[in-house]
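Reader: Could you walk me through this structure, one question at a time?

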Amino acid sequence: AVGWLDVNHNFAQGNVTNEFMARLWGFCQTPLVVSMGFHDCDLCNKFSNGYGIYAKREDTQIRLGSTIVALFDGFSDHIVYVAPDMIYHYILEHQYLPPQQFVDSILKSPPPDSLEYDELTKKLK
C-alpha cells in the first residue's frame, strides 16, 4: 500500500519524471477498485463537498478521491502495489515522493488497459 497521506503524518517529498506521471495518469483513468463517496485532500483543504477533486492532464479531466489503482511490480507478478487515485494529486500538488520501488514498478507494470494486466488481475481473485 502506497500513497495514503494525511496532514498528521510526514511524508517524503521530491520530484518524479513526466514519464512516471503519464503512466500514473493512465492507472488513475482505469482504476481497479471504485468505492462509494469521495475522499478530500486534508493537506491543502481542497474539499470537494463529496464530489472528488478534479485533476487535468492535457485535454482529459477526471475526478480523484474514490478509486484505488493497482499495479504489478514489473519484476515479479507476485507483488502488487495499491494506491488511492489521490496519489496523483499528492504528487502534483504536494510533491509527495512515493517509494522508489513503486516508481520503478509503475514504469514496468503492464498498463491497466492491456490484456496482460487483465490476466494478472485474474490471479488476484
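Author: Let us begin with Gln95, which lies in the loop between H2 and H3. Helices (H or I, at least four residues) and strands (E, at least two) are DSSP runs, numbered from the N terminus. This is a predicted model, in which local features need pLDDT of at least 70 and side-chain atom pairs count only at pLDDT 80 or more, while totals for chains, interfaces and linings use all residues. Residues are numbered from 1 along each chain as its sequence is written, and side-chain values use heavy atoms, with hydrogens and water left out.

Reader: What is the phi of Gln95, and how exposed is Gln95?

Author: Most residues other than glycine have a negative phi. Gln95 is not a glycine, yet its phi is positive, at about 55°. Buried means under 20% relative accessible area, exposed over 50%, and partly exposed in between (1.4 Å probe, protein chains only). With 36% relative accessibility, Gln95 therefore counts as partly exposed.

Reader: Is Glu58 buried or exposed?

Author: Glu58 sits in the loop between E2 and E3. Its phi is also a positive value in a residue other than glycine, near 55°. Its relative accessibility is 70%, so Glu58 counts as exposed.

Reader: How many aromatic pairs are there?

Author: Rings of Phe, Tyr and Trp (its six-membered ring) pair if their centres lie within 6.5 Å; planes under 30 degrees apart count as stacked, over 60 as edge-to-face and the rest as tilted. By this rule, the count is six.

Reader: Which kind of pair do Phe72 and Tyr117 make?

Author: Phe72 lies in strand E4 (residues 67-72) and Tyr117 in helix H4 (residues 115-122), so their pair ties together parts 45 residues apart in sequence. Both Phe72 and Tyr117 are buried. Their ring centres are 5.5 Å apart and their planes stand at 75°, so the pair is edge-to-face.

Reader: And which kind of pair do Tyr81 and Phe102 make?

Author: Tyr81 is buried at 14% relative accessibility, and Phe102 is buried at 0%. Together with Phe20, Tyr81 and Phe102 form one aromatic cluster. The centres of the Tyr81 and Phe102 rings lie 5.9 Å apart with planes at 85°, so this pair is edge-to-face.

Reader: Which residues are in contact with Tyr88, leaving aside its neighbours within four places in sequence?

Author: Contact means heavy atoms within 4.5 Å. With those neighbours left aside, Tyr88 is in contact with Met21, Leu24, Trp25, Cys28, Ala55, Arg57 and Leu64.

Reader: Which residue forms a salt bridge with Lys122?

Author: A salt bridge is a side-chain nitrogen of Lys or Arg within 4 Å of a carboxyl oxygen of Asp or Glu, and a search of the whole structure finds one. The closest N and O atoms are 3.4 Å apart, and the partner of Lys122 is Glu119.
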